[in-house]
Amino acid sequence: MSPEPATTTATEQSRMDADDQATTGQAGQADRDAANPELAAMASRTDSIDRTGEDTNRIDITDLDLYYGDFKAVEGVTMSIDPRAVTALIGPSGCGKSTFLRSLNRLHEVIPGAYADGKVVLNGNDLYGGKVDPVLVRRKIGMVFQSPNPFPTMSVAENVLAGLRLNAKKVPNADEVVEKSLRGANLWDEVKDRLDRPGSGLSGGQQQRLCIARAIAVEPDVLLMDEPCSALDPISTLAIEDLITELKEQYTIVIVTHNMQQAARVSDKTGFFNIEGTGRPGHLVEYDKTETMFTQPAEEATLNYISGRFG
Amino acid sequence: MQKSTPGASLETNKLSPLQLGGIVAVALLIAIAVSLPVPGTNVTMVVLLAGVIAVVATYVISRRVEGRRHAQDRIVTGLVTASFVVATLPLISLIYTTVSRGTNRLDMEFLTGTMRNVVGEGGGVSQAILGTLIITGIATVISVPIGILVAIYLVEYGRGQSLAKGISWLVDVMTGIPSIVTGLFAVGLFTAIFDPGYRSGFAGSIALSVLMIPVVVRTVEEMLRLVPMKLREASYGLGVPRWRTILKIVLPTALPGIVTGVILAIARVVGETAPLLLATGLSDEVNLNPFDGRMASLPLFIYNSYITPGVTVQASYDRGWSAALLLLILVGVLFGLARLLSAALTPKGLK
């Protein structure tokens, strides 16, 4: 694999991805096919789509409502997330943007009582279709969380490989995967001499980049980031923002952030979520090119929020 | 609230440790002086009286020298320390008595011999040591898997469900079952299956399991709840199924606590007497088959040494105390093991 992901073009990368799947994914593929014919079909369909195509890995969300038991947290979101671009979600606390993000890889429903109603379509598959296995959805759509959460029982290298090994995949080229993923997360030079040390011994910023390396090691199509810099200092934040800019060459990235400068710096498109009041569901107020959102938004609420005249 | 004047001193007078020591010493002297003329006083009473005098005197002096807040602090510190001493005294006394009386017979004959054909002095407890290890070992093998699986269900799968709430309530009830009742349960169970009068080590293990399972469930449950939700979500986010997340992420992270909990649960039942009295009975000789016949155990050996001392009463009492010391050592070793294992298993990043 290329040691310099920054210089790798999207075309080259997707070809390598295809190669990779052919070599490392065979055992898992066979398991999957046997276990779930529908998903096998879904997987092969995804593979057969030209990954350099304009609309591969586009996410189309239609009329999505999200609930926690009886409480409706998010209402009527319809938006289309561009592939190989960064989409930022901004809005006040409690407006449902994190809930919405978690619904994109069906992580929302791991909370007891939580469920979703609506359509989320990725590469022709409705992620909330009746027979879809959420576990397989999450393998296609990775997630980086607010606070760094490396597995404390594992070393740096084991953390990177966790997504593969925990899915019982044999990883014959483990060293290669570790190096490639850590390089992809701009962490290789800092940790290459302590790959066998505990992952939780790294600094906060390094831990977060380790979590990104862990997420990209399984080679997902989409990367979701839930306020990935909120627990980090400005220098680590800058490192992660640079990384996001590099990663969008390959991945569709959706990032939730409270930091509007960050949204302006890294994203191509921005969605603004808001709530009318406590107990009311959050909804998508406006969604447009980041430049437009920050200069001449269509809605007054967006302008008020962005210019700090909120509430 | 009244504002202090600008420039007011921030310093207060303080009692030095030497002065505090002086107060305690004077209190002790006063207590001795007061007690001496009274007939029938003993050391405990003098110490208690000295303690009361010291606490009161410290309060009065501190209030004059240091002010009200410090005086209150001193009196509460005094009361907390006194409570601690009162709580630990029985333990110290217990250990002292058991060690001083138990060492009389702690010899090779005692550790390797049995009570077979022993009427007077001599004899040993190897049959009881082996019996206790076998019975407790089987009880552990039964309880630990059941307890861990129940805890996993309660924490990982049953959250908020009425079945889980029901099970949780039943576990609470189980915690409160008197140990003799578990013995009766085992006897009832086995006499229903086999003949009346059936006694075996295994029946005792079943009785102990009933005591042990709720302890294991509760401690493992606590440990699993301590595993941060964000680790589970990280694993789900990588497309790892729930059962594998539990097996590879949750359990390894909670392992040090689970091991400690299991060992403490063993320590909890290793000294149980009542259930074994009913379900296992007594034996003077080694019986290694837990499914056939009565089996000796350390707690019952101690009980029996005091209840039926036979002709040479002192020899029997000595054996009882030495067996008690052995049991205490066993529990101590288990506690030590729990700490060592817990430290060894804790991931380096969490230390």
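Among contacts in chain A between residues at least 6 apart in sequence, 69% join residues at least 24 apart; two residues are in contact if their C-beta atoms, placed from the backbone, lie within 7 Å. The model is a predicted one, in which local features need pLDDT of at least 70, side-chain atom pairs count only at pLDDT 80 or more, and totals for chains, interfaces and linings use all residues. Residues are numbered from 1 along each chain as its sequence is written, while chains are lettered from A and ligands numbered from 1 in the order in which they are written.

Select chain A. It holds 13 helices and 10 strands (DSSP runs, H or I of at least four residues and E of at least two, numbered from the N terminus).

Next, display the open sheet of 6 strands, ordered E6-E7-E8-E3-E9-E10 in chain A with mixed pairing; strands pair if DSSP finds at least two bridges between them. Strands E6 (141-144) and E10 (283-289) of chain A stand at the edges with a single partner strand each, so one side of each lacks a neighbour in the sheet. Neighbouring strands of this sheet are turned by 20° against each other on average, direction ignored (axes are lines fitted to C-alpha atoms, for helices over the stretch in contact, and angles run from 0 to 180 degrees between N-to-C directions).

Within the sheet, select E3 (residues 86-90) and E9 (residues 269-274) of chain A, which pair in the parallel sense over 4 bridges. Here A:Leu89 has A:Gly271 in E9(A) as its bridge partner.
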